[in-house]
Amino acid sequence: MRLADLVREVGGAASRDASAPIRGVQLDSRHVAPGDLFCALSGSREEGARFAADAVRRGAVAVLTDREIEVPVGVGSWIHASARRAAGEAAARILGTPARGMFVAGVTGTNGKTTVAHLVGHLLTRAGRRPAVLGTAGNRLADGQIVPATHTTPDAPATQRLVARHRELGGDSLVMEVSSHALDQERTAGLDFDVAIFTNLTRDHLDYHGDLESYTRAKERLFAMLRPGATAVVNADEPASERMSAAARARNALVVTYSARLRGDLCASELRSSLRGTHLILHGMGISRTRLWLPLAGRYNVENALAAAACALVSGASPSSILEGLANAPSAPGRLEVVPTNGRGFTVLVDYAHSEDALENVCRTLRHALEVPATPESGVAHLGDGAAPRSGRLIVVFGAGGDRDKGKRAPMGRVVNDLADLAIVTSDNPRSEDPERILSDIVLGMDPQRALRIVESDRRRAIEIACAEARAGDVVLIAGKGHETTQTIGNEVHSFDDRAVAREVLG
């Protein structure tokens with residue numbers, strides 16, 4: 001496809017040679033190959049020119065920018081006020097609009113995106129589709145192949161390349177997590193969503209967005225871009241859903257609500273949860289009151305399952321396939337993932353919770369489960385290799401990331417202080433910050449008189465302490481990193497997987 005064709009279809013202006021054929025689109029000059037269009041998206045004109053020069057040396061035949069920069073003679077120049085969006089739309093056209101005809105669903109919200117996306121993928125598969133699931137824990141395509149993820153939502157050209165590969169493998173649907181960063185940076189450009197799902201909204205990423213209002217507006221963009229006749233699936237129990245619904249209706253999209261408190265089009269009621277899962281009654285959207293066993297623990301996971309079920313029903317899946325799919329729903333990687341304890345009698349779980357709200361949800365779920373007598377259907381015993389059928393303690397290992405929103409650290413400490421029997425404060429990904437300073441910020445939210453608190457910056461040592469302290473009937477939660485397999489300290493990225501470390505510690 002020639003540059004002139006892209007400019008005509010996407011907009012903007014070509015100020016130089018527009019006859020060059022374009023083979024691909026790149027946002028990173030280091031990945032440019034001969035024949036590519038390079039999108040120079042940097043903070044200043046000087047930086048843009050520098051990266052453009054590097055891209056041209058690597059073979060770029062045209063440069064897309066949002067402002068005038070100096071481009072070598074003989075190289076095409078394309079100026080577009082929304083260059084990020086233009087890059088995604090250009091990539092889609094060059095690849096033949098690979099998502100055309102697919103059922104496309106996007107999931108946004110502070111917490112639950114990964115679990116909802118994986119559940120939607122599971123339910124669509126049960127309904128006979130071949131979905132891709134793109135998100136934090138990796139990008140799974142139609143053949144089951146996993147492409148590692150560097151971001152929750154890839155940049156727009158990378159997303160289009162993944163979708164094209166998925167289509168070549170026989171894929172017919174796409175489910176993707178859509179982060180607030182992605183919406184702010186137009187990483188979904190070139191995609192047309194059939195369903196947009198909203199899970200919840202609490203404080204997170206304010207280091208990037210600045211304030212909660214800006215963060216909310218970023219989430220709202222997913223619903224403001226829906227086409228007429230598309231569907232917004234929103235959590236009726238979440239106050240911010242009103243804004244998402246209004247944005248969708250303004251686009252003449254439909255709104256479907258779900259609720260674990262009897263307020264939505266699809267509802268769950270009479271919840272009885274344990275570590276192994278939740279008994280509930282499901283009803284709405286063509287499903288009459290049906291008793292169901294969901295193998296996921298906690299009200300928040302019931303909400304995640306409702307969101308996924310509503311989306312799959314909108315796609316045309318039958319109520320019977322939804323019920324069957326929920327009854328054997330898998331957990332997402334690093335979400336309350338069990339680590340075998342080799343008969344020690346306690347339970348070790350790894351979870352991605354790394355915000356105040358997420359920590360509170362998972363800790364309350366585990367506290368409740370510890371108070372439920374162990375039975376063949378619902379006890380701690382079945383997760384903990386024969387844990388004793390009695391109430392135990394909740395031991396929580398957690399930290400907070402460096403170079404991220406500092407304002408959430410003390411609230412995270414407060415939640416664990418209030419809900420854990422033993423709190424072990426440790427490093428997450430310190431990045432360029434002093435690990436000890438991060439720990440001090442967390443501890444500010446904790447009771448200074450609390451005896452059962454340990455501060456240990458070495459995360460491996462913290463996990464060792466937790467496992468050594470645990471006794472029969474206890475639950476150890478290792479929170480914050482979930483599926484991640486590295487830890488960033490300073491400028492170095494080390495191999496570190498909470499699950500693997502716990503397995504090593506437990507022998």
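## Basis and confidence

Residues are numbered from 1 along each chain as its sequence is written.

The average pLDDT (the predictor's confidence in each residue, from 0 to 100) is 92 for the protein, and 94% of the residues score at least 70. Over residues 374–390, pLDDT stays under 50. For that stretch the model has 49 contacts (heavy atoms within 4.5 Å) beyond four places in sequence. Where pLDDT is low, the predicted coordinates should not be read in detail.

## Helix 3 and helix 5

Helices here are DSSP runs of H or I with at least four residues, numbered from the N terminus. Helix 3 covers residues 83–94 and helix 5 covers residues 156–168. Their axes (lines fitted to C-alpha atoms over the stretch in contact) lie 8 Å apart, at an angle of about 20°. Angles run from 0 to 180 degrees between N-to-C directions. Helix 3 and helix 5 are therefore roughly parallel; under 35 degrees counts as roughly parallel, over 145 as roughly antiparallel, 65 to 115 as roughly perpendicular and the rest as oblique.

Ala-87, Gly-88, Ala-91 and Ala-92 of helix 3 meet Ala-156, Pro-157 and Gln-160 of helix 5. By class, this contact has five nonpolar, two polar and no charged residues. Ala, Val, Leu, Ile, Met, Phe, Trp, Tyr, Cys and Pro count as nonpolar, Asp, Glu, Lys and Arg as charged, and the others, Gly among them, as polar.

The whole structure contains 34 salt bridges (a side-chain nitrogen of Lys or Arg within 4 Å of a carboxyl oxygen of Asp or Glu), as found by a search. One of the salt bridges joins the side chains of Glu-9 and Arg-93, at 2.9 Å from N to O.

## Helix 11 and its partners

Helix 10 (residues 299–314) packs against helix 11 (residues 319–327) at about 150°, with axes 10 Å apart. The two are therefore roughly antiparallel. Ala-305, Ala-309, Ala-312 and Leu-313 of helix 10 meet Pro-319, Ile-322 and Leu-326 of helix 11. This contact has seven nonpolar, no polar and no charged residues.

Helix 4 (residues 113–126) also meets helix 11: their axes come within 9 Å and cross at roughly 130°. That makes helix 4 oblique to helix 11. His-122, Leu-123 and Arg-126 of helix 4 make the contact with Ser-321, Ile-322, Glu-324, Gly-325 and Leu-326 of helix 11. These residues divide into three nonpolar, three polar and two charged.

Notes: This is a predicted model: local features need pLDDT of at least 70, side-chain atom pairs count only at pLDDT 80 or more; totals for chains, interfaces and linings use all residues. Side-chain values use heavy atoms; hydrogens and water are left out.
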